[in-house]
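Subject: Structure handover

Dear colleague,

I am passing on the structure below, together with some notes on what was found in it. Please read the notes with the structure open beside you.

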Amino acid sequence: MRLLTRARLQAGRAPRAKRTADFDRAVAEFFMRLALEEAAKGLGRTSPNPVVGAVLVKGGRIIARGYHRRAGTAHAEVVALEAAGSKARGADLYTTLEPCDHYGRTPPCSQALIDAGVRRVITASSDPNPKVNGKGVARLRRAGVEVLTGVLKDEADELNRPFFKAMRTGLPFVTLKAAVTLDGKLATATGDSRWVTGEQARAWVHRLRDRVDVILVGATTARRDNPQLTTRLPGGGGKDAVRVVVDSHLRLPSTLQVFTQRSPARTVVATLEDPSSRKARRFLATGTDVWQLPEKQGRVDLEALMRRLAKEGLNHVLVEGGAEMYGSFLREELADELLLFVAPKLIGGEGLSWSGSLGVKQMARALTVSPLAFEQVGEDLLLRARLSPSR
């Protein structure tokens with residue numbers, strides 16, 4: 001199939017095709033790509049809900065668009081229906097996720113589509129939520145609405161990886177992000193890491209922060225780097241994620257920026273200590289939440305922490321350091337994705353390796369990642385890899 005031009009996408013005009021069969025598929029994919037663009041506008045803002053985009057089409061032209069802005073607000077399909085008004089009758093709806101079929105904070109979208117007189121519904125992903133999972137499509141078909149499923153399913157599934165994982169496993173989607181030198185070092189022997197990568201890579205990371213629910217670091221990184229862990233986009237704006245610092249025994253000073261820098265988002269310290277203890281009160285005084293978690297080998301049980309975050313409705317966790325924390329997530333198979341910025345610099349053997357011990361004694365037991373993708377970001381190289389836990 002020939003590629004669609006950006007001009008056609010922006011104009012909302014469907015492509016022409018020589019054969020009817022090709023035309024139908026081309027049209028479906030054309031409008032679904034527009035729905036995917038709408039869905040992406042909600043990234044980082046809808047948890048615990050998925051991101052969803054919708055486009056209403058009539059006579060080959062777009063009459064309305066919509067996306068889900070945040071949990072508790074109207075779903076994408078309803079946003080589009082309200083924008084279209086009476087024009088929705090007889091129209092086709094393209095949606096990136098199967099319409100919901102249950103009462104939550106909002107009424108079911110499937111019934112809203114039926115009431116609006118929509119002629120046909122084209123979907124990309126199926127919803128793994130057991131309250132939906134095929135029920136929305138079934139209700140539409142019972143009402144005589146034609147339904148086409150699976151259009152650009154892979155692209156739509158990619159957008160909602162965090163939601164799908166949380167729904168299926170009770171664990172959030174975890175991204176490990178590290179900036180390293182060409183010889184794999186996180187910092188010099190003295191701990192100096194400012195800056196490993198260039199400005200463009202650092203700006204890229206702030207755009208990523210804007211799209212995740214949680215930014216997590218270990219106590220060593222918090223002490224050494226004294227980060228704010230906020231989102232700073234060019235021209236201001238952006239959304240701060242929930243900031244989580246893992247400090248098993250509350251040994252950090254409560255004067256660090258992550259605890260004192262004001263943010264609309266919560267700050268959490270995950271620990272083994274009693275939240276009513278004198279140690280904990282230092283952090284509570286700064287407005288920081290103190291979560292007491294189970295112990296595993298003398299430290300905070302990371303899986304228990306991940307499950308707590310998922311129960312709080314936080315689907316996507318970005319881990320930003322340090323080496324010990326990266327190693328723990330890899331050893332315990334809690335990570336799903338690796339983003340490794342590689343800078344054209346060399347430190348040598350004295351530098352600090354980016355990953356802590358993985359307990360690998362034989363090459364045959366080495367952790368493998370796949371697939372690999374590469375992207376140039378300014379002077380640095382971004383390596384993306386998917387982690388596939390054996391369990």
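F164 has a relative accessibility of 5% and therefore counts as buried, where buried means under 20% relative accessible area, exposed means over 50%, and partly exposed is what lies in between, using a 1.4 Å probe and protein chains only. F163 is likewise buried, at 5%. Please keep in mind that this is a predicted model, in which local features need a pLDDT of at least 70 and side-chain atom pairs count only at pLDDT 80 or more, while totals for chains, interfaces and linings use all residues. Residues are numbered from 1 along each chain as its sequence is written, and side-chain values use heavy atoms, with hydrogens and water left out.

The structure holds six aromatic pairs; rings of Phe, Tyr and Trp (for Trp, its six-membered ring) pair if their centres lie within 6.5 Å, and planes under 30 degrees apart count as stacked, over 60 as edge-to-face and the rest as tilted. The rings of F163 and F164 have centres 5.9 Å apart and planes at 55°, so this pair is tilted. W204 and F341, on the other hand, form an edge-to-face pair, with 5.4 Å from centre to centre and 75° between the planes. Because W204 lies in helix 8 (residues 199-209) and F341 in strand 15 (residues 337-343), their pair ties together parts that are 137 residues apart in sequence; helices (H or I, at least four residues) and strands (E, at least two) are DSSP runs, numbered from the N terminus. W204 is buried at 13%, and F341 is buried at 2%.

Turning to the strands, five of the six residues of strand 1 (residues 53-58) are buried. Strand 1 pairs with strand 2 (residues 61-67) in the antiparallel sense over six bridges, where two strands pair if DSSP finds at least two bridges between them. These two strands form a hairpin with two residues between them, and G59 in the turn has a positive phi of about 60°. Strand 1 also runs antiparallel to strand 3 (residues 92-97), to which four bridges join it. D92, in strand 3, is buried with a relative accessible area of 8%, and its side chain is joined to that of R119 by a polar contact of 2.8 Å (a pair of N or O atoms within 3.5 Å; within protein, one must be able to donate a hydrogen and the other to accept it, and residues adjacent in sequence count only if both atoms are side-chain atoms).

What are the residues with the most contacts inside the largest nonpolar core? They are L216, L305 and F329, in a core of 38 residues; a nonpolar core is a set of buried Ala, Val, Leu, Ile, Met, Phe, Trp, Tyr and Cys residues joined through side-chain atoms within 4.5 Å. Helix 12 (residues 302-311) gives the most to this core, with five residues.

Finally, an unreviewed UniProt entry lists residues under "binding site", among them M325 and G327; UniProt positions are given in the numbering used here, feature names are shortened, and annotations may be inferred rather than shown by experiment. The listed residues span 150 residues in sequence and their farthest two C-alpha atoms are 27.9 Å apart, so they do not all gather at one spot. M325 lies in helix 13 (residues 323-331) and is buried at 9%, while G327, also placed in helix 13, is buried at 0%.

With best wishes
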